[in-house]
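Take a look at the protein below. Then use this briefing to find your way around.

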Amino acid sequence: MKNGPKNVLVIGSSTGYGLASRISAAFGAGANTFGVYFERPSANGKPASAGWYNTAAFEAEAKKAGLYAASANGDAFSAEMKAQVIERLKKEMPQIDLVVYSLAAPRRTDPATGEVYKSVLKPVGAPYSSKNLDTDKKVVNEVTLEPATEDEIKATVKVMGGEDWKLWIEALDAAGLLAEGCQSVAYSYIGPSVTWPIYKDGSIGQAKKDLYAKAEEIDALLKIKRGRAFVSVNKAVVTQASSAIPVVPLYISVLFKVMKAKGLHEDCIEQIQRLFETQMYNDGCLNFDDQGLVRIDDWEMREDVQKEVFEIWPKVSTENLLELTDFVGYQQGFLKLFGFGLPGVDYAAETELEVPIG
Ligand code: NAD
């Protein structure tokens with residue numbers, strides 16, 4: 001891509017859309033990247049968590065390509081982590097021109113009060129019943145979810161809203177680390193009406209509303225540097241975060257079937273590459289919807305795609321799951337998150353569990 005990002009900080013860089021942002025910036029634009037993530041290192045003969053190895057592999061490939069790549073493992077919500085990253089950035093990288101905020105976390109300790117908040121994935125206001133897929137048992141069933149309490153909604157906003165994104169930008173700005181024209185992007189999801197009670201209108205949706213409001217505040221801050229901040233609404237993909245949301249794995253299985261048949265299938269990297277190439281680094285021409293959001297879920301939300309998804313939706317049952325949906329593709333995607341099912345890998349071979357990250 002021409003005139004892409006040059007010095008990039010990705011917060012939530014080890015898996016999913018954050019890792020895809022890092023890969024697209026490095027290998028699509030030749031950017032230096034610094035990644036922040038929270039993964040379990042290998043200990044007592046047990047393997048590290050998948051994102052650890054993703055990061056090690058990314059760094060090795062980036063260095064081979066002559067690109068600076070360094071990472072910090074720890075709680076991005078903490079003041080200590082922000083200070084540690086800022087110290088390293090000051091020494092190791094030129095000013096940052098892109099900050100990607102791609103955290104998906106189950107809990108957050110408020111750095112100001114020490115209080116721990118836990119996010120929930122629940123509807124708001126009323127119980128929600130829907131067709132659902134038990135991905136372990138491969139059974140299509142019905143799920144009923146009780147609504148979140150006021151406290152649970154507040155906690156979800158604390159964890160998955162925009163407060164921490166803003167704290168990062170303010171801290172980076174105060175340290176003089178943001179370049180003229182610096183951009184910052186965070187990610188969201190909207191999806192079709194069948195998932196709204198659990199997503200867009202659910203507890204996570206309230207957190208995303210807070211993210212949109214904070215995007216405006218961060219945008220005002222970055223405008224002083226002729227930069228900008230915004231939220232990109234991305235398509236549904238298989239990640240550890242999305243697999244935890246009720247109803248969504250069934251919707252994704254149907255969606256993949258339809259989008260693959262139409263030649264429209266995209267995974268995280270294709271999405272972010274398209275965001276960078278056609279929007280963010282395309283002579284600055286971001287297309288905003290009427291809510292001020294950038295939409296790269298446009299292919300998912302295409303009328304013909306959604307029409308076919310919802311012709312299939314009422315018909316899906318345990319018996320016809322493999323025929324009517326791409327559950328096989330969903331499962332392959334899920335296994336791939338943990339490094340399984342890749343061609344050319346001998347899974348019986350001895351392997352080194354402890355792999356260092358720079
Ligand atoms: P993911 O689970 O694949 O990645 C989450 C990342 O956050 C990982 O790198 C993890 O290490 C990091 N992380 C979690 N807690 C942390 C902490 N305390 N400190 C530091 N790092 C921490 O998730 P994802 O699906 O890629 O989600 C990223 C963003 O994209 C979220 O805002 C999500 O809502 C959005 N999104 C996801 C989808 C989807 O279908 N998966 C669709 C649209 C938007």
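This is a predicted model: local features need pLDDT of at least 70, side-chain atom pairs count only at pLDDT 80 or more; totals for chains, interfaces and linings use all residues.

Residues are numbered from 1 along each chain as its sequence is written, and side-chain values use heavy atoms, with hydrogens and water left out.

**Around the ligand**

- Of the 29 residues around the ligand, Ser-14, Tyr-17, Ala-76, Lys-208 and Thr-239 come nearest. A residue is near a molecule or strand if one of its heavy atoms lies within 4 Å of it.
- A polar backbone atom of Ala-76 is 2.8 Å from a nitrogen atom of the ligand.
- An oxygen atom of the ligand lies 3.4 Å from a backbone N or O atom of Gly-12.
- Tyr-187 has a backbone N or O atom 3.3 Å from an oxygen atom of the ligand.
- The ligand exposes 840 Å² when taken alone, and the protein buries 93% of that. Accessible areas come from the Shrake-Rupley method with a 1.4 Å probe; for residues, only the protein chains shown count as cover.
- Helix 1 (16-29), strand 9 (178-188) and helix 7 are the elements that give two or more residues to the shell around the ligand. Helices (H or I, at least four residues) and strands (E, at least two) are DSSP runs, numbered from the N terminus.

**Helix 8 and its surroundings**

- Helix 8 (residues 248-261) has 14 residues. From its first C-alpha to its last it reaches 20 Å, close to the 20 Å expected at 1.5 Å a residue. The expected span is 1.5 Å times one less than the number of residues.
- Why is helix 8 largely enclosed by the rest of the structure? The reason is that 11 of its 14 residues are buried. Buried means under 20% relative accessible area, exposed over 50%, and partly exposed in between (1.4 Å probe, protein chains only).
- The cover over its buried residues includes strand 7 (128-134), strand 8 (139-145), helix 10 (303-312) and helix 12 (327-337).
- Ser-253 lies in helix 8. It counts as buried because its relative accessibility is 0%.
- A polar atom of the Ser-253 side chain lies 2.8 Å from the backbone oxygen of Pro-249.
- Leaving aside neighbours within four places in sequence, Ser-253 is in contact (heavy atoms within 4.5 Å) with Leu-133, Thr-325, Asp-326, Phe-327 and Tyr-330.
- Val-247 is found in the loop between helix 7 and helix 8. Its phi is near 75°, a positive value in a residue other than glycine. Val-247 is buried, at 0% relative accessible area.
- Just after helix 8, Gly-263 takes a positive phi of about 70°.

**Helix 6**

- Helix 6 (residues 203-223) should span 30 Å at 1.5 Å a residue, and its end C-alpha atoms are 30 Å apart, which agrees.
- Helix 6 is mostly covered, with 15 of its 21 residues buried.

**Loop residues**

- Gly-161 sits in the loop between helix 4 (150-160) and helix 5 (163-174). It is buried because its relative accessible area is 3%.
- Gly-161 and Lys-208 are 47 residues apart in sequence, but 5.7 Å apart in space, C-alpha to C-alpha.
- Val-238 is in the loop between strand 10 (228-233) and helix 7. It is buried, with a relative accessible area of 7%.
- Leaving aside neighbours within four places in sequence, Val-238 is in contact with residues including Ile-252, Phe-256 and Tyr-330.

**Cysteines**

- How many disulfides does the structure hold? It holds zero. A disulfide is a pair of cysteine sulfur atoms within 2.5 Å.
- Cys-285 is in no disulfide, and the nearest cysteine sulfur, that of Cys-182, is 19 Å away.
- Cys-285 counts as partly exposed, at 36% relative accessibility. Cys-268 is buried, with a relative accessible area of 8%.

Key. A polar contact is a pair of N or O atoms within 3.5 Å; within protein, one must be able to donate a hydrogen and the other to accept it, and residues adjacent in sequence count only if both atoms are side-chain atoms.
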